[in-house]
Amino acid sequence: MECEIYDMPLFRGGDRNLLEAVLEKSPGRYASYHKGDFIAMQNSVCRSLLLLCEGSVYAQMTSPEGRELTLDTLSAPDTLASAFIFGTENRYPVSVVANSDCRLWVVGRENILQIIEQDKAVLRNFLTILSDHSLFLSRRINEFALQSLASRVVSYLKDNHAINNLQETAFILGVARPSLSRMIAQMVDQGTVRKTAEGYKLAASH
């Protein structure tokens, strides 16, 4: 196999004989994507679990007016679509876009269900992945719905340590670049943020 499935978070500690038996009947498929390629489109039907073997992707939501919002960035090894595959309405609420050249292993829903039903270790892994992704999403909702732009900038800097590309950061935060530039300038004047050779960083007191 091009991608060692036992190293994937979903299958760690799982029964190898069971995995091999299920996947021999229907092994899924490998897919390669280049940076910028759409892996899944928003509102498309989710029939398979996507296992990210190499590279990174981001989840992007687009409004009817065309406004884009980046919700998450995921790097290999990771599991994509865990929250959608078994939903009553199993559609992607976001688009999944390649953030770099990447490779994925695509496994059908019925195969995943069969493995989960028979292997408690994989079931626990799946529930952990699902819970972790849900917790991250709830935090993102809090950032965008409840926090001011200044608070979102502070949260971003705590997680990423520096802002060295305003356009990219504005895209991630879901705001226009001029709005972010004005906010950064205000925060520098207030002493909340300082400009360094590595980019904008939180002041020591924060």
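At what angle do helix H5 (residues 166–173) and helix H6 (residues 177–190) pack, and how far apart are their axes? View 1 answers this. The model is predicted, so local features need pLDDT of at least 70, side-chain atom pairs count only at pLDDT 80 or more, and totals for chains, interfaces and linings use all residues. Residues are numbered from 1 along each chain as its sequence is written, and side-chain values use heavy atoms, with hydrogens and water left out.

**View 1. Helix H5 packs on helix H6.** The angle is about 105°, and the axes lie 9 Å apart. H5 is therefore roughly perpendicular to H6 (65 to 115 degrees; under 35 is roughly parallel, over 145 roughly antiparallel, the rest oblique). Axes are lines fitted to C-alpha atoms, for helices over the stretch in contact; angles run from 0 to 180 degrees between N-to-C directions. Helices (H or I, at least four residues) and strands (E, at least two) are DSSP runs, numbered from the N terminus. From H5 come Leu-166, Gln-167, Thr-169, Ala-170 and Leu-173; they meet Arg-177, Leu-180, Ser-181 and Ile-184 of H6. Contact means heavy atoms within 4.5 Å.

**View 2. Four strands form an open sheet.** The order is S1-S8-S3-S6, with antiparallel pairing. Two strands pair if DSSP finds at least two bridges between them. Strand S1 (29–33) and strand S6 (78–80) are the edges, each pairing on one side only. From one strand to the next, the twist averages 30°.

**View 3. Strands S3 and S8 pair, and helix H2 packs on the sheet.** Six bridges join S3 (residues 48–54) to S8 (residues 102–108) in the antiparallel sense. Leu-50 stands opposite Val-106 in S8. Helix H2 (residues 109–118) touches S3 and S8. The direction of H2 makes about 70° with that of S8.

**View 4. Cys-46 and Cys-102 are buried.** Relative accessibility is 0% for Cys-46 and 3% for Cys-102. Buried means under 20% relative accessible area, exposed over 50%, partly exposed in between (1.4 Å probe, protein chains only). The closest cysteine sulfur to that of Cys-46 is in Cys-102, 16 Å away, too far for a bond. For Cys-102 the closest is in Cys-53, at 9.8 Å, again too far. The count of disulfides is zero (a disulfide is a pair of cysteine sulfur atoms within 2.5 Å).

**View 5. Met-8 is buried.** Met-8 sits in the segment before helix H1 (16–25). The relative accessible area of Met-8 is 2%. Met-8 and Lys-158 are 150 residues apart in sequence and 28 Å apart in space, C-alpha to C-alpha.
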